[in-house]
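Open the model in your viewer and keep the selection panel at hand. The stops below go from a pocket to the ligand.

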Amino acid sequence: MNILFRNANIITHCERRLCDLLVQGEKISAIGNDLSADGADVVDCRGLNLLPGGVDPHAHLDLAMYGTVSSDDHYTGHRAAAFGGTTTVLDFTSQSRGGSLRGSIDDWYSKAEGNAAVDYSCHVNVTDFNSSVAAEIPSLPAQGLTTLKVFTAYNGRLRIGDDDIASVMRIAREQGMLVMLHAEDGDEIEALVGAALAAGKRKPIWHARTRPPRGEVLAGRRAIDLASDALAPLYVVHVTTAGLADNLYRARTRGVPVMGETCPHYLFFTEEHLKRPDGAKWVCSPPLRTVKDNMALWNALADGSIQTVGTDHCPFFFDGTKPIVYEDSPIAIAGKELGRKDFTLIPNGIPGIEHRLLLLWTFGVVSGRLSAMRFVELTASNPARIMGLYPRKGALLPGSDADIVLWDPAKQHTISASTAHMRTDYDLWEGVKLTGVPVRVYLRGRLLVDGERWLGRPGVGRFLHRQAGAPVL
Ligand code: URP
Ligand code: ZN
Ligand code: ZN
């Protein structure tokens, strides 16, 4: 089916333009004035913005953690993403101890395939590095997998040593791949957690107190040095601190190929939220910081020190003993209540995949912190470029996938868990008022979301073969 979007206020990362856009089948075929309809369905877009579908570079769907699992799977998480204007979602594999990367990719793929409701791919976690894992990495780009995540925290589980990180970086550079870094100081966390538990400190605030900001800054700095030595591109995920944003800025001015990502929760919340009786809702890693960090991260988004906003969507029920109704069926999944007596047992993660564009629009664009073009850059075109998906995704160009969001900049909406589509029992942004929402969302020319109507289904999403050699932005 062909669709002609007439009189749309088209916004990309590099232009704003009032014109028409023609979709033929799954692709955008033309952009210009007075395009002829030729039997296409005509959508009158007067008063609406037309944006490329959002690209979320960071989500954890159906992720096993602390004896439970993140409560959105590849269908429900993608559905929620689509309601929020995101049409591409990148997830992560989980390498088991002694396991191969291939095994972790197969496990992940068996969860995603047939369930995906938007287009998708995954980053490959390298959490147990050895010579056979090293030998596997060069085979990944041919499978469309071009990104590797390493951790400097979660000792004994996910962390690999700095020497191994350096080796991963060297291989990644040779293969045109990108290393992504979770920056926290695993040794310091181990010591502080041990001391806190020994002193009987069990409340959620101790999650933040045992993962101090200096750990993120120091781990980030070490990795920046390694990337500089290896001449390898580095992308630091979920940056939370003014200090690391500043280090990224300085490294970039020295020509080190580093990039950064932050997440909506690090722009809005602080560790003070962890002191509330329901503080477990705000437990995520790295933890929330201070108002000063929130402000520094907004500035880093505006000044180019940080290149993307991902959600790190990793939802857990606040009380997984009480079912909610999701798509007409009751469901309860064990969640944050597992850590009621001990902060170290609270599953880490926050729901947010649905709200990324909405929050960034109201509190970024409407409030004057970001231009509309920068908004598109941070939420769609930069993640697509960095992750090897551009211009298929994140762009409105002839030949791009027709992933299109019709955005009503005047429409108001109040966030509530009762109307949101993420499969959880709470919403951190409950009651927040927004101006500007997606009213229609298309994936490859197919209407997925029409106002409140869901027209997608499991299996519509396609695995995306990503290109190695993506640019450093
Ligand atoms: O709390 C979080 N972010 N959980 C997901 C795991 C990670 O490190 O991104
Ligand atoms: Zn992480
Ligand atoms: Zn994450």
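Select L63, A64, M65, S94 and L158: of the 40 residues that line the largest pocket of this predicted model, these lie nearest its centre. A pocket here is an open set of points on a 1 Å grid over the protein atoms alone, where a 1.4 Å probe fits, with protein on both sides within 12 Å along at least five of seven lines; lining residues have an atom within 4 Å of a point. Residues are numbered from 1 along each chain as its sequence is written, and ligands from 1 in the order in which they are written. Local features need pLDDT of at least 70, and side-chain atom pairs pLDDT 80 or more, while totals for linings use all residues; side-chain values use heavy atoms, without hydrogens and water.

Next, colour the lining by type: 13 residues are nonpolar, 18 polar and 9 charged, with Asp, Glu, Lys and Arg as charged, Ala, Val, Leu, Ile, Met, Phe, Trp, Tyr, Cys and Pro as nonpolar, and the others, Gly among them, as polar.

Now show ligand 1, which sits in the largest pocket (more than half of its atoms lie within 2 Å of the grid points). Among the 13 residues around ligand 1 (a heavy atom within 4 Å), select H60, H182, S285, D312 and N348, which come nearest.

From D312, a side-chain N or O atom is 2.7 Å from a nitrogen atom of ligand 1. At K149, a polar side-chain atom lies 3.4 Å from an oxygen atom of the ligand. For G349, pick the backbone: an N or O atom there is 3.4 Å from a ligand oxygen atom.

Technical notes:
A polar contact is a pair of N or O atoms within 3.5 Å; within protein, one must be able to donate a hydrogen and the other to accept it, and residues adjacent in sequence count only if both atoms are side-chain atoms.
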